[in-house]
Amino acid sequence: MSEGERLTELAKRRGFYFPSSSAYGGAAGFWTYGPQGAALKSNIEDAWRDRYVVKEGHQEISAPDVMPEPVFEASGHLDGFDDMIVECGECGATHRADHLVEDNTDIEEAESLPNEAVMDLIAEHGIECPSCHTSLADQPVDNFNLMFETNIGPGSSSPGYLRPETAQGIFVEFPQLSEYARNQLPFGVAQIGKAYRNEISPRKSLVRVREFTQAELEHFIDPEEDEPPLDEVEDVTLPLYSAAAQESEDGGERELTVRAAVDEGVVESEWVAYYLGVSKEWYERIGVDMDRFRYRQHLAGERAHYASDCWDAESEVDGDWIEITGFAYRGDYDLSKHAEHSGEDYTVFKQYDDPITVERATVDPDMSYLGPEFGSDAGAVADALEALAERDPDAFDGDEVTVEIDGESHTVPVEETNFSVDEVTENGEHIRPHVIEPSFGVGRIIYTVLAHAYETDEVDGEERTYLDLPPEQAPTTVGVFPLMDKDGMADLATDIAEDLRAAGLSVTYDDSGAIGRRYRRQDEVGTPYCVTVDYESLEDSEAQRASDSASGDEPRAGTVTVRERDTTEQKRLSIDGLADRLEQLATG
Ligand code: ATP
């Protein structure tokens, strides 16, 4: 079994995740998180919220999953959010064309090639339909838009789409969000929520699905003024696989500190470098194995046209590198697009410390002069003169001034423009913020964390599987067992389980089967501690109670065994203060 197959088998058996709607044959690319998986997912989301919202001082919002069509016209998704599709002429199965090339040749990132080039590679390498093994050589490679379409309300007059990324829900609301931030840059807005992509070929369980959770942060900055607190992460070492390294014959990964990566220009944007540093520590905290992790820079052809510096965090599972997070410097692309399409104001008014006096050139063209002469172009000429005065007042130095509209020149006597230069006081200016975006795929992170936590060893001559999840991430912190269901052990164990729950720990109570089997069950879901109530616990309790009451003290409880998951070592701990002790152990 491959690493991925072993994981999927464990995930199904132990309730981490399984294919959805299987009673009705299922639908590829949809997975249900079972009790263990849902607990792990919410722990990872909490850890994300703690680091990227609370510690960074950002805000979190929750926007709708369905948004109207104009949002995606503006964002570019309607026109350009496509993958390459090839349909088998024989059996009708559809496949993602670039993935077929990557799977059947040693070419990586076929995604960044034009459709025709991918078509040629399919023919050249004799690539067949994976479903019926017919050659795909003569089949066209087309674009397939990944958005799920729906109708908002009855009828089809108001199309909507399930969002393919959570980010647009933040960008669209920028005017309100900026007001809440009192127009003070920098500020960050985060969102954890569902995203939907009608993937052509879902695969590798949680890795490529059609409905998934993203955790995205949009950090809005003033590009002229704001700098990241780089010193907080400057010593963090980054495993970097730069574009240059990928393109050179013998290039490979390089470890550089955040500071060195910036100084050497390997990571161009200081903001991106900052978030790579923050994230490296965060991935370690949640249990990603740093020996199977790297940051890979996008190659020039792969980069979205608006993003100047793009890196992916990648984890290795089964020998494949999986993109788990994208980091992009998106500039002002998104806010400009929404401003252009909606006509709303997507800027921030930046107040100056002290008002400044500037010379402002203005025009007030004589429309009666422009009217007959310029016909219906008069308004456009007036606008063009106004823009020119602002941009290049020197153009009004002579007797005549010329503006171009749709490639046609219009010449106007300067006198008729009423050109003047006046001194005005300005209190501030409107600026369009730039955006840095770390975009995390929660499902791929869960898949990575589970794959990297999967361990086997031998205990009492038998092979054992366990997940060495960090206690903070483990779905259950402590399993509580009575050694046997008799002589009051179950009662004491139930009381202990209740106390631990009341103290806020996540507890599983289990009294079925041999104790060894119960330990194995908890090992397989990564529970870091198991508490067992045995005869000694009862004796301790009784002996202690007797001696306590003889000495006039409040009767105390006795001891239990606490077994640690990775070492399987057991020690006796007092029931008194057990919750605190376990919490201390769990938080290190
Ligand atoms: P890919 O190239 O693998 O399709 P992408 O570059 O399109 O991914 P982004 O648009 O950058 O992905 O999305 C940000 C994150 O969302 C990714 O890093 C990934 O973790 C997650 N993600 C994207 N598509 C999927 C999917 N189909 N299934 C699960 N997670 C996904």
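This is a predicted model: local features need pLDDT of at least 70, side-chain atom pairs count only at pLDDT 80 or more; totals for chains, interfaces and linings use all residues.
**Helix packing and cores: a quick chat**

Reader: OK, at what angle do helix 2 and helix 15 pack, and how far apart are their axes?

Author: The angle between helix 2 (residues 35-54) and helix 15 (residues 442-453) is about 110°, and the axes are 10 Å apart. Angles of 65 to 115 degrees count as roughly perpendicular, so helix 2 is roughly perpendicular to helix 15.

Reader: Which residues meet there?

Author: From helix 2 you have Leu40, Lys41, Ile44 and Glu45, and they meet Val442, Ile445 and Ile446 of helix 15. Sorted by class, that contact has five nonpolar residues, two charged ones and no polar ones.

Reader: Switching to cores, how many residues does the largest nonpolar one have?

Author: It has 78 residues, and Ile446 is among those with the most contacts inside it, as are Val272, Tyr275 and Leu450. Helix 11 (residues 270-286) gives the most to this core, with 10 residues.

Reader: Back to Ile446, what does it touch?

Author: Leaving out residues up to four places away in sequence, Ile446 touches Leu40, Lys41, Ile44 and Leu206. There's also a second, separate core of 20 residues, including Leu483 and Tyr519.

Reader: New topic: which residues of helix 12 are buried?

Author: In helix 12 (residues 333-342), the buried ones are Tyr333, Asp334, Leu335 and His338. Their cover includes helix 3 (69-75), helix 8 (174-180) and strand 16 (320-331).

Definitions and conventions
Residues are numbered from 1 along each chain as its sequence is written. Axes are lines fitted to C-alpha atoms, for helices over the stretch in contact, and angles run from 0 to 180 degrees between N-to-C directions. Helices (H or I, at least four residues) and strands (E, at least two) are DSSP runs, numbered from the N terminus. Angles under 35 degrees count as roughly parallel, over 145 as roughly antiparallel, 65 to 115 as roughly perpendicular and the rest as oblique. Two residues are in contact if their C-beta atoms, placed from the backbone, lie within 7 Å. Ala, Val, Leu, Ile, Met, Phe, Trp, Tyr, Cys and Pro count as nonpolar, Asp, Glu, Lys and Arg as charged, and the others, Gly among them, as polar. A nonpolar core is a set of buried Ala, Val, Leu, Ile, Met, Phe, Trp, Tyr and Cys residues joined through C-beta atoms within 7 Å. A residue is buried if 20 or more other C-beta atoms lie within 10 Å of its own, exposed if 12 or fewer, and partly exposed in between; C-beta atoms are placed from the backbone.
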